[in-house]
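Subject: Structure handover

Hello,

Here is the structure you asked to look through. Please open it beside this note, as my findings follow below.

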Amino acid sequence: MKSRFAVCVVVILLIGSLPAGIAGAGGFSSVPDTSGASEPAVATATSGGSSAMADEDDVLHQRTELRHRPDRPGEFEVETTFEMPAPMRGLEVDLHDDAAVVALEGFEATEAGTYRWDEATAEPTIRYAMPADRTGTVRHDHGDRDGYTFVDTGEWGVVQVPSVGLSLRTPKSVTLGIEKTVTVDGEGTAGSNIAFFGPVEEYERTVDGRTIRLVVPEAADLHEAPDDILAELAAASERLAVGSSSAETFVVAAPTDVDWGPRGVQYGDADAWVAADAELETAANVWLHEYVHARQGFANGETTTDARWLVEAQAEYYAALLGYERGSIRFSEFSDHLERGERSPYADGTLDDPATWEDGDTDYVKGPLVYGEIDRRLRLATDGDRTLEDVFRQLNAREDPVSEADFLRALEDAGGAGVRTVAERYVRTPETPDTWSRWEHGDAFDRPSATVEYGLGSEPVAVAGQAWERWDSSELAAVDTGSSADTAGGDVMAVPAGESVSVPVAMANVDDRAGTADATLEANGDIVALEQRSLEAGESATTRLSWTPTEPGVYDVRIGGDRLTVFVRSSPSLTVTDLRVDPDSVDPGETVTATATIAAGGDLPAAGTLPFQTANGIETGNPVALAPGETGTTAVELTFDDDGRYEVTAGDRTATVTVAGGISKVVSTIDSMPGFGGAVGIVALAVALAIGSIGRRR
């Protein structure tokens, strides 16, 4: 009997001396594995961090400053600084091949030719020199002309903002956005993709919340008045309802005392330069040509070879058509401009096969004639209900590179097989249409179309299938968004990155004839969802358009004339102020609820799906959104199959749950009793068990 009692005491002492979270064979540690897939979702700032590296920051800020070097014409300097958010675990930067690094702070060169962040410097910086002078082909440029596309004379310069490749490493449950800003150190100014060095005057025009910036250098002899140029571009902005309208269009009037190749270049999303002596009252309107390029969102993803002709054909056609409709040119000038496409060598080429073009400008000359004839046939076939702008809009809604098949399919959807057949004849063969007459133009282009209105519906916006809260913009008027997004005139929302956002849309045909509604959902100018629906006169309808934002940032979302400012955030924007597990002691296999109290940690709205980490992995709560200063809760249910004490972590808060069955449960119970912790409890249990054993043996 004594020997049995001794064995019992030894076993209980062994159990009591095991580390927290381990309960005999088969148990597992409460400390999460912080490498690889189970890395914590939210971590403290890296060493060397500053107040800018707040836990709620889920955006990598990339600040680029350009410096003119008049003593070294043809070269300029770039300094790019990165403001690291707390969740950042690694960053590699890949510079342009022409970059010559001058200095590094917080970066080290790799054997692959990239530059790796040292993970200690809060705001690492790379400084490097770039060649300014460029010749040859640039997207949206006459590639066969000799001369500069970008240049620095020493006195002034029009240069490309260098592109930088970024490779980010973050915990798997964290998504980061990237916010880029570009400035010029000294005299000059910059858009996102083009910069000018030297003294300038700037002029602006706002159209429906979007800004057109015209930069006029002191060195430029501008042919037209700045207000007239802005008026022409603003009219084009209102007229072209094709989507892909950036928050800012940046246009430089380039001085003409150098040997330019093209008369203008559009580069990046919505930046361009145009020769300062370019005229407005001409069919070959370079100002409008480059502006149309800025609206070709589909061309940013490039096109397949058989659709390449569309890019320049559209720009040249709409530049002339918009000028004619605005009264800047006569119909004879419009007609003469298109008629050039009937002549050799342009007429001899097949548009979808650039190898057949005897002249490299075939897409500029024959292209607009063919594009215009297809537009005319489409208008006639649909009694004015559909135009090639509707096809243009559909192409802009695509994410993949546009092909000839995409164009023809969209054309057939809009106007039927007959219109597609016309397009195939003029695009796939050398056959060339005749330019139409003034009477034929009026017959096709002056047909009225039904007026169909659409906007935000009355149903709630849904996120991940849940009705979602919207705030009136006046409630957040004091919020500094840190973005150019204008919150005036629309509601404000915060949504988690990676979750589906379903927006209600109301459509109404307010005309006395049938027509087609083109409902689009735009985010920062890009069409992210589109639906076409035929409506009878006076008919109304509703639908929902969905969008899944993947990167944190501030988005201007538009549905017709209605607007929403959407803050897309991820889990680091949520500050966890408390964490509780209920109940805190269960049998193996029973469920507990972990509840986190969360707040919008900064001055911006917060949103996310908060990760709860345990030794079993990560569970995420329901999506949640909070206004600045607001608090809320999110919860998950957790189950543990083995005995042990388990830590549950959310943000920087931790709670413990005890899972115990049989003897382990008795140990846990006694351990929690006042006065019976640690060794005292173990001895008491041993004595109790021994007495019980003796009693039974009597």
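Through how many residues does a hairpin join β13 to β14? The hairpin uses 3 residues. Before the rest, the ground rules. This is a predicted model, with local features needing pLDDT of at least 70, side-chain atom pairs counted only at pLDDT 80 or more, and totals for chains, interfaces and linings using all residues. Residues are numbered from 1 along each chain as its sequence is written, and side-chain values use heavy atoms, leaving out hydrogens and water. Helices (H or I, at least four residues) and strands (E, at least two) are DSSP runs, numbered from the N terminus.

**Around β14**

Strands pair if DSSP finds at least two bridges between them. β13 (residues 188–190) is joined to β14 by 3 bridges, and the two run antiparallel. T189 stands opposite F196 in β14. β10 also pairs with β14 in the antiparallel sense, over 4 bridges. There, V158 stands opposite F196. From β14, I194 and F196 point one way and A195 and F197 the other. All are buried (under 20% relative accessible area with a 1.4 Å probe, protein chains only; exposed is over 50%, partly exposed in between).

**The open sheet**

In the order β15-β16-β17-β19-β18, 5 strands form an open sheet with mixed pairing. β15 (200–207) and β18 (264–267) stand at the edges with a single partner strand each, so one side of each has no neighbour in the sheet. Neighbouring strands are turned by 15° against each other on average, direction ignored. β17 (residues 248–254) and β19 (residues 271–275) run parallel, joined by 5 bridges. V251 stands opposite A272 in β19. Helix α2 (residues 226–239) lies across β15, β16 (210–217) and β17, at about 30° to β15. Axes here are lines fitted to C-alpha atoms, for helices over the stretch in contact; angles run from 0 to 180 degrees between N-to-C directions. Contact means heavy atoms within 4.5 Å.

**Aromatic pairs**

Rings of Phe, Tyr and Trp (its six-membered ring) pair if their centres lie within 6.5 Å; planes under 30 degrees apart count as stacked, over 60 as edge-to-face, the rest as tilted. The count comes to 19 aromatic pairs. F76 and F197 have ring centres 5.7 Å apart and planes at 55°, so this pair is tilted. It links distant parts of the chain: F76 is in β2 (residues 75–83) and F197 in β14 (residues 194–197), 121 residues apart. Both F76 and F197 are buried. W156 and W260 form a tilted pair too, 6.3 Å centre to centre with 40° between the planes. W156 is in the loop between β9 (148–152) and β10 (157–160), and W260 in the loop between β17 and β18, so the pair ties together parts 104 residues apart in sequence. Both W156 and W260 are buried. Ring pairs also link F298, Y317, Y318, Y371 and F392 into a cluster.

**Helices α5 and α6**

α5 (residues 309–326) and α6 (residues 331–339) pack at about 170°, axes 9 Å apart. They are therefore roughly antiparallel (over 145 degrees; under 35 is roughly parallel, 65 to 115 roughly perpendicular, the rest oblique). E316, Y317, A320, L321 and Y324 in α5 meet F331, F334, H337 and L338 in α6.

Best wishes
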